[in-house]
Amino acid sequence: MAKVILRRIVLGFIALFVAMLILFSLSRATGDPRYIFIGPEGIGIDPEVWDLMGEKLHLDKPVPVQFAYWVSDIVRGDFGESIALQRPVLQVIKDRLPNTLKLAVAAWILGTIIGVPLGVFSATNRGKFLDYLFRGFALLGQSLPIFWVGIVLIFFFAAQLQWLPAGTKGEGGFISFKHLLLPAVTLAWYPAASYLRITRTAMLEVLDTEYVKLARAKGVGMYTVWWKHAFRNAIIPPLTLSVFVLFGLVNGTVIVETVFAWPGIGRLAIEALWATDFPLLAGITIIFGALYLLMILMLDLVYAFLDPRIKYS
Amino acid sequence: MNTPITKKTTENKIDRPIWNAPIRLFFIMRRYPIIPMMVIGLLIITAIFGTWMEPHDPIRADVLSRHIPPFWMEGGDTKFLLGTDALGRDVLSRIIGGASVTLLVVTASVTTGVVVGTGLGLVTGYFGGFVDDVVMRIVDAWGILPQLLIIIIIVLTFGQGLFVLIGVLAMLSWTGAVRLVRAETLSLRSRDYVLLAQIAGASNTRIIFRHILPGVINMVIVTATLGTGTIILTEASLSFLGAGIPPPDPTWGKMVGDERMYVGAAWWTSFFPGIAIAMVVMSGNFLGDWMRDRFDPTLRQL
Amino acid sequence: MKPRVVVRAWHLIREATLSNLRIFRNWNLVILVPIISSLLLIVLACGGDDGDAVSDSSAAAPAAKPTATTAAAKPAKASDPEAPAAAGGPSGTLTAALKTVGTPIGTPGLCVPGCANEKYFYSAFDTILQWHVDGKVVPAVAESWDLAPDLSSFTWHIRPGIPFHTGGAGGGGKDWGEVTAEDVAFSFDQVNSNTNPESVHDVAGDMSCCYGPTTVIDTYTAETEIIAYDSRAPGWLMTNLRDSFGISSKKVYDEFGSDGMREVFVGSGPYQILEWTQGDRVVLEAVDHYRKTPDVKTVTLLEVPEEASRIAMFKAGEAHITHTSLPNVSVLEDAGGVKRLLEVSIRHMGMNPNFLEKINPKSGEPLDNPGFDPSFPWVSDPFADGCNWDILLEVVPDEADVCDEMNNPRKVRRAMSMAINRDALVEGLLNGLGKPGCNWAISVDNAAHKDEWCMKHDPDGARALMEEAGQGPFTIGIWVGNEVQEIHQAVSSMWEQELGITTEYHTGPFSVWQPTFVDRSFQHLVFDGEQGGMPAHYAKGREAQAWFAGGIMWSGGIPFYQRIYGNMLGEADEGKRTAMAIEFGDHEAFWDWDPTLWEEPIYTVYTGSYMDWELESTSMHTQSSNFIYPLEDITLK
């Protein structure tokens, strides 16, 4: 198994490298990054400073050489300085990453504790009213645009009813649940729906298998069958899904953070995009990529723990 | 005397009287997802015949008729059934107009993405080796990049327009298709009938298209259908962030996004397009699920 | 090989957790679990963990508020429990929701555009002089100043006893002393690109033409060398009126260095910065100040990019000050908002080319395309055969003398201007809150304004003019910034309906289109907004400024405007300057280089029942920080 893990890591690094290649080629197509500094009124910068900036970014050298410089910097941990913010990229990301993590983890937890049990329940009560209700809830969650949900929630809960705040992170030290609730709910609906459906189908499959029927025939209690035998096997697909869900949350946070004024890296990425701030953008993308690879690796380990029958191919 | 087996017995007619027909029809129809099909059908009709169905010009602005409420509300006008938006354009006409854009974008991007993905999947799955490694590395690399951000970067680089949008949305679906088709191809490749065909001297192309592709195609269609929802929602998100199709052409996502600051004052401008999006996406998802159950329940893990 | 005991224990635990989840014996509870957890979350949410007292000020919030909600449900962000500040110093809190809080950088020279003008960092830094609401320059950090008779220097007499903040973020709670000439000289020299070539401050280039180094004469006297006198000084660049810079502490610089100073916000203004988190918030706290000790103790500025969220926060009483687009101002007013006019912005379309620049200012090489492309239907070409360059220098030429290659595009521009229904635009897009504009630099309310400069809406006349010019429908490109706005779409639609002109929108940040602006190859219209001041007096010797030499911006490339600016500078007599401004207006009215659309007011809105805002100082410039400036003039009710 160690060999497989190692192979996985190596493949991961290759993927990361190719991803950086894609990112870099896109960046050089958006124009000279130095132009951000010039205010609308005309010249704001000395030509010497202009050249100095160009040297720092190695803009005088051919593009592949620029890429080589860039990759070697990143490998050494130097993500450069954000052009618009004049701060080291890692520091900027570090400041705002916890906020996104809080939001994403909250949404994930919410999605899991709502989606999985409801999925099990839906499977065991197949065809009844509640099954359809929950499936309807899931269908809705996967069909509504996230930003629309967010805006409508703000409108109802913040502006009209005034039960909850309308945005930002709030001032509570570690977390302010009041401020976290609406964004987390908005973000969690889609994952909850996915979990619900996946758990439901997985449970249905497992409930249909021979050994479950055998267990029932042997006279094992219904609940024991469901939890001891069925759920343990039905849990694999939702676990696989977790990685996809967590990564889908990345896309979701970009929008939710914008709508709810949540100071996280999703919003930071959008701001960096519009300001053509390549170092910051690249830093965020690479960090995301690395995190994702980490998650996949962890998932493989969890797989092995839960089901020794699974072999890697 | 023996009655021939093929002779229709008239006694059955008593069991199936004519007045039972609607109920029997109902039970037959229950097997098919009627409402989603109707919604998709409506979408297609609206998309094709939209220009004749629109009561007003969807892109002509008239600032003086700004934010007129729907006709059943106070201040509404039957001329504008669902009200007008911030630039005085009829919401209903824009929804109809948006239907054709939605249909075009979705069909084109899903088709492109899935076709490219399937092709690549077949090739890499069948031939394996170096090609397989290279393609899979690219697929992995693409997979770890945050999709929405990369898409916006590409749109900003190459400009905003219909073709860029289609291309960029196609990139959402190709990796999924490649992985699935490749996995299926790998498993099908070792089947007996494929080995026999190889022994018989069939060319690789023939084997791929005649033997492997049919086994894969069901899954491809299901994936494609299930992917339409994601594509529509992503287009909506792109328009919301300002990176979609430039104005004044209407797309539903753009309508919701542009009017978002008027949710309190003029809710109809974002509500109705939102409903349209939701209904089409729901229908797509539902249809996809149904097709999957129909074709091959073992695909449930998708 | 693990001991059997451990293995067994491990298996037992595993079994226990995975299989014996007793709670799920009762299936009904399965539904209850998500419901209960959601309820728990809601209860937690309403309880909250910041323990704010319920605000009485919520009574001011919208009438539709359900009065039955209990105290626990009110998410009051800022409370006002104590009596207003009259006795015992500043008290109370205030929250504002802004579109952006800018980029926190404490080093003067490194403060990029977008940080530099955050109104002297949200009233935390003080400028050397101030612009009073009466339109006069009044003392601030300097209690008086002298202009040398030969216009060669400014001498600043600095007020003794202005303390630097002890509680400013990053300052470590230390005592940084008082403001001295050293600090003033340091601040000036840091932002001036003549003395600090690395300066990326907003005014770096503006100062480079005209100001040399600042020297310390004695503890409270500093002298700034004037290279080229600008008749707008010292109001211009030295006060909070538009662009300027705050006074920072040299001691901080000595201690932390240029890079370290980025995180340090030690100023001398009425508020000190406790926290400035990019993308999130700024927290300010009042200090005793020579000008006025503020009434409100703690001010929190939140960054909320979404307008709908800002409106929701205002309605819910979470934010007391905010700003929105004009159509939503009435929504805020219905919720108890009082609007305060910041400035009137004149929206106009830059259709003019740049006739003057022949050399690329960046590379020094000759421009291929001398600032314009005559093949566009709206661009007049004075270099064509039979055309006379000098005609561009007259106030209003005789039309018969203007050659076709210049006159026909003029007619096209005029037709495009005539096709726009400005009244409808104001009525529809601004809710009637603005007014149609006629000249992009001179407001309709200005005494010098002439009615004949205003373009009448005349679609038929427009079509006739287009025919006269022999021009059929064409396509035009517009650069719109990051987002296409309603005004762009409305105007494009009018052009399409009346004249058959199609529009292409070019989006993207300024930095992306900058190269085409800088090398003068830009081929799009730009919709821009001006502050409606009269054409400014420009300093001699300002050729380095692109603006003067032919302008990356929208009217700098017109020879007549350059002449006017050149004449206005140093003209002491106001009457004569006004006459020149009128010439400017007449010229524009003939040529239509820059058709004006409307004059729109920019408002900041505050909760009338919570606070009063009597201004003593004022400024122009639509930075986001302007919406909450000046903070020290706010009093809580």
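Mentor: A residue is called buried under 20% relative accessible area, exposed over 50%, and partly exposed in between (1.4 Å probe, protein chains only). This is a predicted model, in which local features need pLDDT of at least 70, side-chain atom pairs count only at pLDDT 80 or more, and totals for chains, interfaces and linings use all residues. Residues are numbered from 1 along each chain as its sequence is written, chains are lettered from A and ligands numbered from 1 in the order in which they are written, and side-chain values use heavy atoms, with hydrogens and water left out.

Trainee: What percentage of the residues in chain B is buried?

Mentor: Chain B has 302 residues. The buried share of these residues is 51%.

Trainee: Which residue forms a salt bridge with C:Lys174?

Mentor: A salt bridge is a side-chain nitrogen of Lys or Arg within 4 Å of a carboxyl oxygen of Asp or Glu. In this pair the N to O distance is 2.8 Å. C:Lys174 is partly exposed because its relative accessibility is 35%. Its partner is C:Glu255.

Trainee: How many residues apart in sequence are the parts that this pair, C:Glu255 and C:Lys174, ties together?

Mentor: C:Glu255 lies in helix α7 (residues 250-260) of chain C, whereas C:Lys174 lies in the loop between β5 (153-158) and α4 (181-191). Helices (H or I, at least four residues) and strands (E, at least two) are DSSP runs, numbered from the N terminus. The separation is therefore 81 residues.

Trainee: Is C:Asp586 buried or exposed?

Mentor: C:Asp586 forms a salt bridge with C:Lys450, with closest N and O atoms 3.0 Å apart. The relative accessibility of C:Asp586 is 18%, so this residue counts as buried.
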